[in-house]
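Visitor: Please show me the structure. Then I will ask about it piece by piece.

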Amino acid sequence: MSMSDSDTSSQGGSEYKNLRQITRDRLLYEMLRSAKRPDSKSNWKVLIMDKVTVKIMSCSCKMADITDEGVSLVEDINKRRQPLPTMDAVYYIQPTKENVVMLMSDMAGRTPLYRDAYVFFSSSVPKELVNYIKKEQSLKSRLRAMKEMNLEYFAIDSQCFITDNTMALEELYGNEEMTRKGDECLNIMANRIATVFASLLEFPFVRYRAAKSLDTSTETTIRDLIPTKLAAAVWNCLMKYKSIKSFNFPERETCELLILDRSIDQIAPIIHEWTYDAMCHDLLNMDGNKYVHEVASKTGGLPEKKEVLLEDHDPVWLELRHSHIADASERLHDKMTNFVSKNKAAQMHGSRGGGELSTRDLQKMVQALPQYSEQIDKLSLHVDIAAKINSLIRESGLKEVGQLEQDLVFGDAGTKEVINFLRTKPDAPRESKLRLLMIYAATHPDKYDSDKLKKLMELARLPRDDTTAVNNMRFLEGSSDSKKSSISSFALKFDVHKKKHGLRKDRTGEESTWQLSRFYPVIEELIEKLSKNELPKNDYPCMNDPSPTFHGRSQSESAKTVDAPPAHSMRSRRAATWARPRDSEDGYSSDSILRHASSDFKKMGRRVFVFIVGGATRSELRVCHKLTNKLKREVVLGSSSLDDPPQFITKLKLLTANELSLDDLEI
């Protein structure tokens, strides 16, 4: 019986593994595959999870993957279950008292539900629970394994994980003082972040945005201290891993972690991001990554509704997701044209009309060829999605809104231009006007305590809950260089120089081919500075600094530490021979796509992790993918949640609107 992580899960092999792939391999091979009897003819087993671990599993593994590892049934630990006394059970559960009580109920006594149990905990098990289990002799005799997987994060992308603290914004920023809920939120967040490093066997330099008071009259608020408190909590978890001798945690730093919060960039969650991925989640009525697609009926009746997942297993999605919507549309047309040009039957079908064919015409031609239906399904899906997005952009006048948003952010537009837009476009969509005024509030914080902002909201005819969202933007303004001391009793009152309201400067050497792609998230500059070791150590101290003043004032030791030569992760990033996927080169299977997606990652430097408290955005995820290729270092984005603009705006309203309930929060 082992209570620690295995010493390695991947040794040898030649293929680079990203965060999600390593997570998948550990769940499938290190956990499920290890739970088998060498002497048994049948290795079919039951997998039992709780509401958190089932979500962790579904983020990284498909049902077919789980079945391939001998799982015939997946059960919820909290539901009544049928006894299967001839089968073994694999428990993947959080180490809570409730779960352990359910385990005891299942497996202790004279008539257990299952033959034997393999128990895998998602994070460190408290000693009292270990002792509780040890006392039950009948359970001990039926435990074939008990182990801490230290895997309690949600790998929602090849380079992104969330801790699933969906209410972090309300629990941490909605009060002037830290509440019990806020403390619990930070502790859960820290524990789950730490399991990322335990799972990868990486030991990070832990850096964080420091709270800054520019003078003694400016009080540091609890909101300013959130990154500091989280960094300290993560550090404590990492030190516990280091203290376990059997754990094989690295002795030296192998990667970098930068902890930030939403106050570093108020614009990214609300501005229109013009990439294909962001537009899909912003404009279409999607449920997570699920999209309901209408396909023509094969019998000639009404269109059939088909649920599809826009994820990495789709090669077209993988190629286009970070492209500008205009670029994605052009490339889809080119793909259709290319397909038709290589197919004689399609050419004959299309030669009847003459003239240049639209993407829609090409799509109809291809759909008329039943022998190619399997190949063209995904391409046809994305042609439909792009057409729908472009139609919504035209109908809502989004290009003009997007241009004004970006001009505000870069200081090329101000109050006059916003008034002109609201007067000349009274029928613009309510959400467009709301997001425009939220950006105006972030770029013109001096207007909060004047009538100007109130009059603009009246001009926009915003309902009361929308004005709440605009006013609540002030909660996300942390300490910054532009912030000056204020006589206002409100601790987070904005105050900036009136001459220049722009929050961004154009990046040199990065000319954009496409309109409306001028905007970039703040983390892009921060990651590049971190990679070059140019991040100011006073503003972003390092927890690894042994000096007593590591919170930001004396950083000589920190500088020495951060400049140390890179050490290697204790968990090799190469696939073990037993963990290599079955050969598949059809270009469409998930294993094949994942293999091709990783082909550029074979010579990578130390990983960089960036964690944002309060929700990350798709523009920030895009930047992490972009910088991975640019810096040749896997850049992993972490956050309490990944929010699309409508979700973020709803959460912002919850900061002060106590009458709203969780039912109003659509996630």
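Here is a short tour in questions and answers.

Guide: This is a predicted model, in which local features need pLDDT of at least 70, side-chain atom pairs count only at pLDDT 80 or more, and totals for chains, interfaces and linings use all residues. Residues are numbered from 1 along each chain as its sequence is written, and side-chain values use heavy atoms, with hydrogens and water left out.

Visitor: How many helices and strands are in the protein chain?

Guide: Both are DSSP runs, numbered from the N terminus: helices are H or I with at least four residues, strands are E with at least two. By that rule the protein chain has 25 helices and 13 strands.

Visitor: What percentage of the 667 residues is buried?

Guide: Buried means under 20% relative accessible area, exposed over 50%, and partly exposed in between (1.4 Å probe, protein chains only). Of the 667 residues in the protein chain, the buried share is 56%.

Visitor: Which residues have the most contacts inside the largest nonpolar core?

Guide: A nonpolar core is a set of buried Ala, Val, Leu, Ile, Met, Phe, Trp, Tyr and Cys residues joined through side-chain atoms within 4.5 Å. The largest one has 127 residues, and the most contacts inside it belong to Y92 and L230.

Visitor: Where does another core lie, and which residues are among its members?

Guide: Another core lies apart from the largest one. This other core has 27 residues, among them Y276, Y291, F339 and A386.

Visitor: Is N150 buried or exposed?

Guide: N150 is found in the loop between β5 (143–148) and β6 (154–157). N150 has a positive phi of about 50 degrees although it is not a glycine. Most residues other than glycine have a negative phi. With a relative accessibility of 1%, N150 is buried.

Visitor: What is the relative accessible area of K632?

Guide: K632 lies in the loop between α24 (618–631) and β13 (635–639). Its phi is positive too, about 55 degrees, and K632 is not a glycine. K632 counts as partly exposed because its relative accessible area is 42%.
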